[in-house]
Amino acid sequence: MDGIGDVAVGVKRGSDELLSNSLYNSGSDMSSISDGTSNGSDSKKLRVEDRMEAPPSRVLHIRKLPNETSETEVIALGLPFGKVTNILTLKGKNQAFLELGTEEAAITMVNYYSTVTPHVRNVPVFIQYSNHKELKTDAGNQRAQAVLQAVSAVQGGGTPTSGSDLAAASSPVLRIIIDNMFYPVTLDVLQQIFSKFGTVMKIITFTKNNQFQALLQFNDPSTAQQAKIALDGQNIYNSCCTLRIDYSKLVNLNVKYNNDKSRDYTRPELPAGDGQPAMDPNMAAAFQGKDSNSLLGALSPLNAAAAAAAAAGRVALSGHSGSSGVLLASNLNEEMVTPQSLFTLFGVYGDTQRVKILYNKKDSALIQMADASQAQLAMSHLNGQKMYGKVIRVALSKHTSVQLPRDGLDDQGLTKDFTNSPLHRFKKPGSKNFQNIFPPSTTLHLSNIPTDVTEEDLRLLFSNAGGTVNAFKFFQDHKMALLQMSTVEEAIQGLIDLHNYNMGDNHHLRVSFSKSSI
């Protein structure tokens, strides 16, 4: 059969056929096969416990499958971990044997499912090593062969032929396009939204045709189908960031790095790759915890951004209703910080309305953003960053607004009202600035540069703000440039000091964080 490669498939109806057909190289899995009949006898329970100690094998024994489980659903359990080379289903016993291409893949699969209970059709199933090292089956079921032919063709880089329609509908991988992306959508936001429907195994994000896209792999095709039906056409944020969802032709994603662009939740030990933030092990554990599915109550900007912030390990969601646009920033450098500096930094993520440095606790400040979504964005990006030499903490405040001092009361300039400031970045609905919101980084994007200003002028300007300029690159028209500082803290300092800096002839320099590197 074309395209099937080294994948074989067989369907057996009972343990007597297993014996008569000599399916295995050695030994007997009969003790485990009788486990599926679960009549409660002590001897059979004992055998299950004994079987848990079986040495690793690329053949896995899957028990307690729901009635009418398809071969596709069984194969989908193994696909995230590598090539599936053989399958044997025991329909009458609600069991199956799955053979993976390597023992390493099988070990990864068993380890993963020991922390995240595998489900088929919302029923928990049990996976353990088989006593046998290899499956030998006949090719008796044409429909299952078609599924595996499609799987094999895609895994091998070919194009599925007769099984392609089946493969698309049966794929656990979804292709996601975000339309009207006025707010940034991160990998963590997608994980929180889609994990409401089942276990998200892997995500890869990328930009294609100037659109943010993602491939997201569930642990089984039926979950992918439920998520597609429920989420296709929904907005992540109010009136923007619309999800367009399709099935991918791929059935398994190959993720090499765990960072802000791609993630394999089954392999938290993967490297971060060059210049990418690594995934915190605590975060990996949080994703595999049972509570991650409930973080997103509804597809609102508030919950999505809060989920993103929580997913980044930066905030706890408990204790706050999340309806406030007011933030509490603490551990500030009270000798250096001013309302203006907080306005400029937090203004990268929204329109800062009011800032109040607390009179009796000058290392803390209340910052009121234009709305709760902007507050969440600022919190998720700025909590844990260094400002004036100190790691700042940013959390939601219980206050709903920042009060201005009463008329005639001097509060030493600790409270400022920026409501009518001309420096707000996001006043215009649908502004391009919504698409250019990035976490603090060493690289700054400069714009509105006068034509007579040189690279040397700008290097000197940012060096004097404190720090070392490592690299610089003008855009073609010389009105914009990228400038790289040696640390993120230096870049934050440069942005605070030089955003809106008057370069002469009323040219005010605009500074923002960039996702690019030079």
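In strand β12, Cys240 is the bridge partner of Tyr237. The model is predicted. This briefing follows the sheet around that pair. Strands of a sheet pair through backbone hydrogen bonds, parallel or antiparallel.

**The sheet as a whole**

- The sheet is open and has 6 strands, in the order β11-β12-β8-β10-β9-β13, with antiparallel pairing.
- β11 (235-237) and β13 (262-264) are the edge strands, and each pairs on one side only.
- On average, neighbouring strands of this sheet are turned by 25 degrees against each other, direction ignored.

**From β11 to β12**

- Strand β12 covers residues 240-247.
- β11 and β12 run antiparallel and are joined by 2 bridges.

**Strand β10 and its two partners**

- β10 spans residues 211-218 and is mostly covered, with 7 of its 8 residues buried.
- On one pairing, β8 (residues 173-179) runs antiparallel to β10 and is joined to β10 by 5 bridges.
- Ile177 has Gln213 of β10 as its bridge partner.
- On another pairing, 8 bridges link β10 to β9 (residues 200-208), again antiparallel.
- Ile203 has Leu216 of β10 as its bridge partner.

**The β9-β10 turn**

- β9 and β10 form a hairpin, and 2 residues lie between them.
- Asn209 sits in the turn and has a positive phi of about 50 degrees.

**A helix across the sheet**

- Helix α9, residues 221-231, lies across β8, β10 and β12.
- Helix α9 runs at about 140 degrees to β12.

Note on methods
Residues numbered from 1 in each chain as written. Predicted model: local features only at pLDDT ≥ 70, side-chain atom pairs only at ≥ 80, totals over all residues. Heavy atoms only, no water. Buried < 20%, exposed > 50% of the residue type's maximum accessible area, 1.4 Å probe, protein only. Helix = DSSP H or I, 4+ residues; strand = E, 2+ residues; numbered from the N terminus. Pairing = 2+ DSSP bridges. Axes fitted to C-alpha atoms, helices over the stretch in contact; angles between N-to-C directions. Contact = heavy atoms within 4.5 Å.
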